[in-house]
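Q: I have a structure to read and would like a guided tour. Where do we begin?

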Amino acid sequence: MLTAVIICIVGSVLWQVNHRVMSTPDTKIPLVRTATVNAAGMSSTYTYSGEVRGRYESQLPFQVGGKIVKRNVELGSAVQTDEILMQLDPQDFRQTANSNSAQLAATQAQLTLAESNLSRYRQLYAQAAVSRAQLDQYQNAYDVALAAVRQATAQYEQGANKLEYTRLYADQPGVIAAINAEIGQVVSAGQTVLTIVRDGQREIEISVPENRLEELRQASQCKVAFWALPNVIVTGSIREIAPMASPTTRTYKVRISLVNPPPEVKLGMTAAVTVAAAGQQATAITIPRSALYQTGDVPGVWVVKNNIVSLRPVTVGVGSNDTIPVLAGLQSGETIVTTGVHKLRERQQIRLANGDRQ
């Protein structure tokens, strides 16, 4: 009797378990979202941020060192040729010039005396009143005095030049783009204190990574937009590519010449340069980033066929935050899994979300 009861209980439990499994077969099959991919033309374009610069820029230093006592320009000031921009304290240079002037006057007096003595002894020698040796002595004294005058003259001119170098002049008309020293600062000879941008052509300076240089050299067109001028788009041409990378950023400086820029384009404006490389029109498939499944270094996607998934390696390009182009590995019209890719395994059966289809 007890055995019969146990058999009945076990049979009942087994029936319930089997009925529960048979009644909900889909609970173990994962539910995913899918999408059908389509190929489209894709143009390789890249956008670089840059700054409006002048084509010709001069970094102006003093030719002598000293303390700055006057600054006649401000940032953005328009200047003309030979306009005084800055001035150093000239006191020491003026004293040197005065000392050299006094030295020159003394040597000129010595030369006058030597010339007078030489003239007198030439007359005495002609009258046979003095010997040739005495005439040669006064001739030598005259030559020494003449050389001393030449030396003093050179020192005087050098001192006068240094006094003039205490004033920094504009070597060309333009705009002050940078001020690197202020009144009261002691600067050395050759130290840049001002940067002046010559009037005329405007350019855009951008920084380009080394893997984009070849595409940039083959660029078919270049469009420049300005953050402060939303309705202005200017055509540009690549004028110069730096031969060496910056040691800090490891990027290459590139200069873009502007073709007929409007007068509203000012120095220092922020610009966006869009470059389209020649011969880069290609057919590509764009998929959501959530569809990628990374296995090691190889990206892949889950391709759906007859509700069965299989992982396929793909080659991807550079995309945006939400999408990425697939350059190889997919065909137009195929269906891929777009969400839940990390829960799948090879040859696994799936269920499609409502509205999705293969």
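A: Start with two aromatic residues. Tyr-293 is buried, and Trp-302 is buried too. Buried means under 20% relative accessible area, exposed means over 50%, and partly exposed lies in between (1.4 Å probe, protein chains only).

Q: How are the rings of Tyr-293 and Trp-302 placed relative to each other?
A: A pair of aromatic rings is described by the distance of the centres and the angle of the planes. Rings of Phe, Tyr and Trp (its six-membered ring) pair if their centres lie within 6.5 Å; planes under 30 degrees apart count as stacked, over 60 as edge-to-face and the rest as tilted. The structure holds two such aromatic pairs. In one of them, the ring centres of Tyr-121 and Tyr-138 are 4.0 Å apart and the planes are at 20°, so this pair is stacked. Tyr-121 sits in helix 2 (residues 91–126) and Tyr-138 in helix 3 (residues 132–165), so the pair ties together parts 17 residues apart in sequence. Tyr-121 has 18% relative accessibility and counts as buried. Tyr-138, at 25%, counts as partly exposed. For Tyr-293 and Trp-302 the centres are 5.6 Å apart and the planes at 50°, so that pair is tilted.

Q: What kind of model is this, and how are residues numbered and values computed?
A: This is a predicted model: local features need pLDDT of at least 70, side-chain atom pairs count only at pLDDT 80 or more, and totals for chains, interfaces and linings use all residues. Residues are numbered from 1 along each chain as its sequence is written, and side-chain values use heavy atoms, with hydrogens and water left out.

Q: How do I read the confidence?
A: pLDDT is the predictor's confidence in each residue, from 0 to 100. The chain has a mean pLDDT of 83, and 86% of its residues reach 70 or more. Residues 4–8 have pLDDT below 50, and this stretch has zero contacts in the model beyond near neighbours in sequence. Residues 17–27 are also below 50, with one contact beyond near neighbours. Contact means heavy atoms within 4.5 Å. Where pLDDT is low, the predicted coordinates should not be read in detail.

Q: How many helices and strands does the chain have?
A: Helices (H or I, at least four residues) and strands (E, at least two) are DSSP runs, numbered from the N terminus. Here the chain has four helices and 22 strands. Of its 358 residues, 32% are buried.

Q: How do I read a sheet?
A: Two strands pair if DSSP finds at least two bridges between them. Strand 3 is joined to strand 10 (residues 192–198) by five bridges. Leu-60 stands opposite Leu-194 in strand 10.

Q: Which strand is joined to strand 11 by six bridges?
A: Strand 14 (residues 252–258), and the two run antiparallel. Glu-205 has Arg-255 of strand 14 as its bridge partner. Six of the seven residues of strand 11 (residues 202–208) are buried, so this strand is largely enclosed by the rest of the structure.

Q: How do I read a nonpolar core?
A: A nonpolar core is a set of buried Ala, Val, Leu, Ile, Met, Phe, Trp, Tyr and Cys residues joined through side-chain atoms within 4.5 Å. The largest has 22 residues; Ile-204, Ile-206, Val-224, Phe-226, Ile-256 and Val-273 touch the most other members. Strand 14 gives the most to this core, with four residues. Val-224 touches residues including Ile-204, Ile-256 and Val-273. A second, separate core of 18 residues includes Phe-62, Val-64, Phe-93 and Ile-176.

Q: Are Gln-87 and Asp-89 buried or partly exposed?
A: Gln-87 has 15% relative accessibility and counts as buried; Asp-89 has 32% and counts as partly exposed. Gln-87 is in strand 6. Asp-89 lies in the loop between strand 6 (84–88) and helix 2. Leaving aside neighbours within four places in sequence, Asp-89 contacts Lys-67, Val-69 and Thr-166. Among the residues that Gln-87 touches are Phe-62, Lys-67 and Thr-166.
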